[in-house]
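Hi everyone, thanks for coming. Let me put a new structure on the screen, and then we can walk through it together.

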Amino acid sequence: MQRIKILGSDLVGRIAAAEIIERPAYVVKELVENAIDSGASDVSISVEGGGLTRITVRDNGSGMSRSDLAMCCDQFATSKTRSMDDLDSPAHLGFRGEALFSIVSVADVSITTWDKNEDTGWMRSWENGIGREKPAARIRGTIVTVSNLFARVPARLAHMKAPHREMAHISEMVRQLSLANPGVSFGLFSGQKPVYSACSCRDNQNLHEQAICRLREIFGENFMDEANLVHGVFVSGS
């Protein structure tokens, strides 16, 4: 009897996706990076159940057309890479075209978006990898909701920590993203409870000034008073 068999594409996709999306914080990272790449200046993240129940990311970026929305969760579908040269000097935060595909493989996803060149917005949902779409209100940017994360991958779900521990990972991830993007406003909520917020720094500031603004906002005046700039990096003076 033959014992070795080739795994089906659906099973392969779920296994690979669970390796790319290791925990809820990685979902937040991928969605926020997509929002920033879309030109968003304001990103809001709402989390329930430590991200295992639901994650919603709202942005005010450029949005997507109906045709782009239909393709955005296909494997290797991306607007960020066109040639081999793009791999040598990526100009975006994401370029593989695997993030949304991986998330759809291990969760239920809905995306509502509007392209200003179209008459209506669109909402597309994926359940068990099957997509359905319908017209939606014209909103600025995109809203992505990820529900029931890892429900179809019990082995990965069993390795998740308690919701408050997963929330701590998400909070740390959002802080790191906000430090790297001082020109973007961030809001993080656990249920209805505010967890973290960071206002965008002024447009007329250069990158160095924006970085100082964000560091002061996150770590406070005492940190900045004691910090020293060493080769472009702030370190504690104590």
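Let's begin with a definition: two strands pair if DSSP finds at least two bridges between them. Helices (H or I, at least four residues) and strands (E, at least two) are DSSP runs, numbered from the N terminus. Please keep in mind that this is a predicted model, where local features need pLDDT of at least 70, side-chain atom pairs count only at pLDDT 80 or more, and totals for chains, interfaces and linings use all residues. Residues are numbered from 1 along each chain as its sequence is written, and side-chain values use heavy atoms, leaving out hydrogens and water.

The protein has nine helices and 10 strands. Eight strands make up an open sheet with mixed pairing, in the order β5-β4-β3-β6-β2-β1-β7-β8. At its edges are β5 (130-136) and β8 (193-198), each pairing on one side only. Look at β3 (residues 108-114) and β4 (residues 121-127): they run antiparallel, joined by five bridges. Val109, for instance, has Trp126 in β4 as its bridge partner.

Now, what lies across β1, β2, β6 and β7? That is helix α2, which runs at about 15 degrees to β2; axes here are lines fitted to C-alpha atoms, for helices over the stretch in contact, with angles from 0 to 180 degrees between N-to-C directions.

A nonpolar core is a set of buried Ala, Val, Leu, Ile, Met, Phe, Trp, Tyr and Cys residues joined through side-chain atoms within 4.5 Å. Buried means under 20% relative accessible area, exposed over 50%, partly exposed in between (1.4 Å probe, protein chains only). The largest core holds 45 residues, and Val32, Val43, Ile45, Val146 and Phe186 touch the most other members. Helix α2 gives the largest share, seven residues. Val32 has contacts (heavy atoms within 4.5 Å) that include Val43, Ile45 and Phe186.

Finally, the salt bridges, meaning a side-chain nitrogen of Lys or Arg within 4 Å of a carboxyl oxygen of Asp or Glu. There are six in the structure. One joins Glu166 and Arg23, at 2.9 Å from N to O. Glu166 sits in helix α7 and Arg23 in the loop between α1 and α2, so this pair ties together parts 143 residues apart in sequence. Both Glu166 and Arg23 are buried. Another salt bridge links Arg152 and Asp108, with the closest N and O atoms 3.1 Å apart. Arg152 and Asp108 are buried too.

Conventions:
Lists of a residue's contacts leave out its neighbours within four places in sequence.
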